[in-house]
Amino acid sequence: MGVVGERLQPTLFERSHPGRGGGKIPHPPADALARIPEAARRATPPALPELNEPEVVRHYVNLSQLNYAVDTGFYPLGSCTMKYNPKIDEWAARLPGFAGLHPMAPDAVAQGTLELLFELEAILAEISGMDAVTLQPAAGAHGELTGILMVRAYHRDRGDTERTEVLVPDSSHGTNPATATMAGFRTITIPSAADGGVDVDAFRAALGPRTAAIMITNPSTLGLFESRIGELLEATHVAGALAYMDGANLNAILGRFRPGQAGFDVMHINTHKTFSTPHGGGGPGAGPVGVRAHLVPYLPSPRVVREDDGTFRLERDGERPASIGRVRSFTGSIGVLVRAYAYLRAHGASGLAEVSDDAVLAANYLRARLRDAYRIPFDRACKHEFVASASEIRQRTGVRTLDIAKRLIDKGFHPPTIYFPLTVEEGMLIEPTETESLETLDAFADALIEIAGEAASDPAVVTSAPHEAPVRRLDEATAARQPNLRWRGMTGAQTPCPD
Amino acid sequence: MVPGDLRYTKDHEWIRVEGDEALVGITEYAADQLGDIVFVELPDVGRALDAHATFGVVESVKAVSDLYAPIGGEVVATNDALSGRPELVNDDPYGEGWMLRVRLADAAQAEGLLDAAAYEQLIAEG
């Protein structure tokens, strides 16, 4: 890394010098302070850092250079689909017609944006095999909640009020049980079968008149396609329940498996995974939800409607009375949705199928390259990701998956997801995505194989890693047990930072 | 490594029956699998627990897991030390890392749980 000077940056407060600054208020009236009512004036000056402009710019640029991102290197963080985000998406989102549109602009001046949203809904419906899509939810988990609230509305509308349970497999994303709980259901966890797949018989046994929905991730969080998914969906519908598909792993099945067509009733899509919108540090996201025809009345409002004359408008209040209502302000995270649209248009149908094929090929290539150095608990054809385990390495050498992940940082790679799914001991979930070259995949496999060798020959170098990162091994346990969340370095004449 | 005088669940809780009361905690294997434990959430004293009901949550640097009551009863005490020192569960899972003291609804239920040999076999099978 080419970071100039100190790699870890002192805070702006620590760099502050009284009287230094980057700008001045021009021509303040002499009696400026007197114009502010006494009661509204502070007793002491605010504790703001004082620096000049280049100091501030260097501070942030140097901080940004400590980041590891998919734009700086390979990022095989399983379950997260850290694919490269093409810059054409950014270009599209910055077009002034989209970027400058006021969210409260009347429909007449928002026609282009409304048309894009309308078309994006149709494209996502085609991909997912669903009949209609809402773009409102702001993230995947928000999409889950929206989907399950529609399931609840569906059962209630039919007078079917005894359905209080949602079934989820034990390998599910934690958001699935959280969603069910938030929507007022009781979560029933179903153990996985020995082959890593859904235990269809256990699901059958748990299905009944109390089941509102099942929530399934396909391919599963182990990167395995559920080979008995048809049976499971049929049993679900026979029991009168609905099937929710967690679309987190959609990147594996584009153009190959359409969940709606297979019999799922509702699913969400993570645009930041499959359609290359930014994963963004908690910033705005999008988790569109697709539904089959019987759930369309419950979709959040307002939807975009196309009039007979080809113009577009948003639904009016009360136009669709069965709707579960609004789940987000305005019409969703427009900037994110524009990026997803650009990605979809740039690829087209055949390009998207190739995306999934390449993602699956890359994962299987890495699985084959790593199988001698690591245990592969489910060593059969995987989809876009697979689990490797260091359980045997740990038994032999004491080196844990956590240590291997830290050592990978020294080798220049972002570690894979570790200790997820929880069902695999010392697991690491590796998802290369479709956007990496063979050279990159080989370099990553070489690094992991090399670390397995180090674990045997020089375990201390692994257990004390990272050695090359801006910081050494963090004490995560103490950080979590005694979190220190406030900066209190301000001393001297200035007042301390407010709490 | 697995104490012989305790009973166990397949979810890795242990129970030590003492008359009509019992102590409950999680096993060394569970604590080791979870890694460094950073937070333990326990029920209020007086709460009635059914067998297999979730009685709390244990959070480690790796994962958040539910805790399950091995058998039914009423909570008569919880280990307050764990709120400040959750690491006791890692350091001494069968001693200072205990979690609940429960007045048992039916002490004979404990007979249905795993004994040390059966539990050892369970964890050996992974």
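Where does Pro466(A) sit in chain A? Pro466(A) is found in the loop between helix H16 (459–463) and helix H17 (476–481) of chain A. We'll come back to this proline at the end.

## Before we start

This is a predicted model, in which local features need pLDDT of at least 70, side-chain atom pairs count only at pLDDT 80 or more, and totals for chains, interfaces and linings use all residues. Residues are numbered from 1 along each chain as its sequence is written, while chains are lettered from A and ligands numbered from 1 in the order in which they are written.

The helix and strand labels are DSSP runs, numbered from the N terminus: helices are H or I with at least four residues, and strands are E with at least two.

## Two domains in chain A

Where the two domains of chain A touch, 14 residues of domain 1 are in contact with twelve residues of domain 2. Being in contact here takes C-beta atoms, placed from the backbone, that lie within 7 Å. On the domain 1 side, the touching residues are five nonpolar, seven polar and two charged. For these classes, Ala, Val, Leu, Ile, Met, Phe, Trp, Tyr, Cys and Pro count as nonpolar, Asp, Glu, Lys and Arg as charged, and the others, Gly among them, as polar.

Two packed helices are described by the angle between their axes and the distance between the axes. The axes are lines fitted to C-alpha atoms, for helices over the stretch in contact, and the angles run from 0 to 180 degrees between N-to-C directions. Angles under 35 degrees count as roughly parallel, over 145 as roughly antiparallel, 65 to 115 as roughly perpendicular and the rest as oblique. Handedness gets a rule too: a crossing is left-handed if the near helix is turned anticlockwise from the far one by less than a right angle, and right-handed if clockwise.

Let's start with helix H12 (residues 334–370) and helix H15 (residues 438–457) of chain A, whose axes come within 10 Å and cross at roughly 30 degrees. H12(A) and H15(A) are therefore roughly parallel to each other, and their crossing is right-handed. Ala362(A), Tyr365(A), Leu366(A), Arg369(A) and Leu370(A) from H12(A) meet Leu441(A), Ala445(A) and Leu448(A) from H15(A). That contact has seven nonpolar residues, no polar ones and one charged one.

Next up is helix H5 (residues 111–128) of chain A, which packs with H12(A) at an angle of about 60 degrees, with the axes 10 Å apart. So H5(A) and H12(A) are oblique to each other, and they cross in a left-handed way. Among the residues that meet are Leu116(A) and Leu120(A) in H5(A), and Leu337(A) and Tyr341(A) in H12(A). The contact of H5(A) with H12(A) comes out as ten nonpolar, one polar and no charged residues.

Helix H3 (residues 87–94) of chain A also packs with H12(A): their axes come within 8 Å and cross at roughly 130 degrees. H3(A) and H12(A) are therefore oblique as well, with a right-handed crossing.

## Sheets in both chains

Chain A has an open sheet of three strands in the order S10-S12-S11, paired antiparallel. Strands pair if DSSP finds at least two bridges between them. S10 (386–389) and S11 (417–418) of chain A are the edge strands, each with a single partner, so one side of each has no neighbour in the sheet. Two bridges pair S11(A) with strand S12 (residues 427–430) of chain A, and Ile418(A) has Met428(A) as its bridge partner in S12(A).

Over in chain B, six strands form an open antiparallel sheet in the order S1-S2-S3-S9-S8-S5. Two bridges join S5(B) to strand S8 (residues 73–78) of chain B, and Leu49(B) stands opposite Gly73(B) in S8(B).

## Where the chains meet

Seven residues of chain B are in contact with seven residues of chain A. On the chain B side, four are nonpolar, one is polar and two are charged.

Most residues other than glycine have a negative phi, and most peptide bonds are trans. Back to our proline: a cis peptide bond joins Ala465(A) and Pro466(A), with omega about 5 degrees. The bond from Phe420(A) to Pro421(A) is cis too, with omega near -10 degrees, and Pro421(A) lies in the loop between S11 and S12 of chain A.

His27(A) isn't a glycine, yet has a positive phi of about 50 degrees. His27(A) sits in the loop between helix H1 (12–15) and helix H2 (53–64) of chain A.
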